[in-house]
Amino acid sequence: MSALLIVGADHLGKIPNKLATVGFKEVIHVSGRKVQQVKREIPAHIDLVLVLTDYINHNLSSVLKKKANEQGIPICYAKRSWCSIYQAIGSCQYEGCPNKVNCRI
């Protein structure tokens, strides 16, 4: 089972559905707007963290990167567009990526 944590953006629209087509069974979304979300931990079952860079503050991004590294979870950065997300997931270091073999990058 592949679980993805997305941080950033208020609404994801159809992005979770598209992520399901490339193999992510669970998508957890955190908007990143509230100051207290800096203290939130990354769930243990998460396989990959995706940060939407155009909708997140710098402090939260830094803290998230540190927490992901401490837990050994790969982290990818993308803008809030399917093309950018698809490329970020395909070029990240997540070995369990179901799309790794067919990635067009």
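This briefing describes the sheet, the helices and the nonpolar cores of one structure. The model is predicted: local features need pLDDT of at least 70, side-chain atom pairs count only at pLDDT 80 or more, and totals for chains, interfaces and linings use all residues. Residues are numbered from 1 along each chain as its sequence is written, and side-chain values use heavy atoms, leaving out hydrogens and water.

**Sheet**
- β1 and β2 are joined by five bridges, and V7 stands opposite V30 in β2.
- Four bridges join β3 (residues 48–52) to β4, where L52 faces A78.

**Helices**
- Helix α1 (residues 15–21) forms a right-handed β-α-β unit with β1 and β2; right-handed means that, with the strands pointing away from the viewer, the path from the first strand over the helix to the second runs clockwise.
- Helices are DSSP H or I runs of at least four residues.

**Nonpolar cores**
- A nonpolar core is a set of buried (under 20% relative accessible area, 1.4 Å probe, protein chains only) Ala, Val, Leu, Ile, Met, Phe, Trp, Tyr and Cys residues joined through side-chain atoms within 4.5 Å.
- The largest core has 17 residues, and L4, I6, L19, F24, L50, L52 and I85 touch the most other members.
- Its largest share, four residues, comes from α3.
- Another core, of 15 residues, lies apart from it and includes A3, L5, I28 and I75.

Key:
Pairing = 2+ DSSP bridges. Helix = DSSP H or I, 4+ residues; strand = E, 2+ residues; numbered from the N terminus. Buried < 20%, exposed > 50% of the residue type's maximum accessible area, 1.4 Å probe, protein only.
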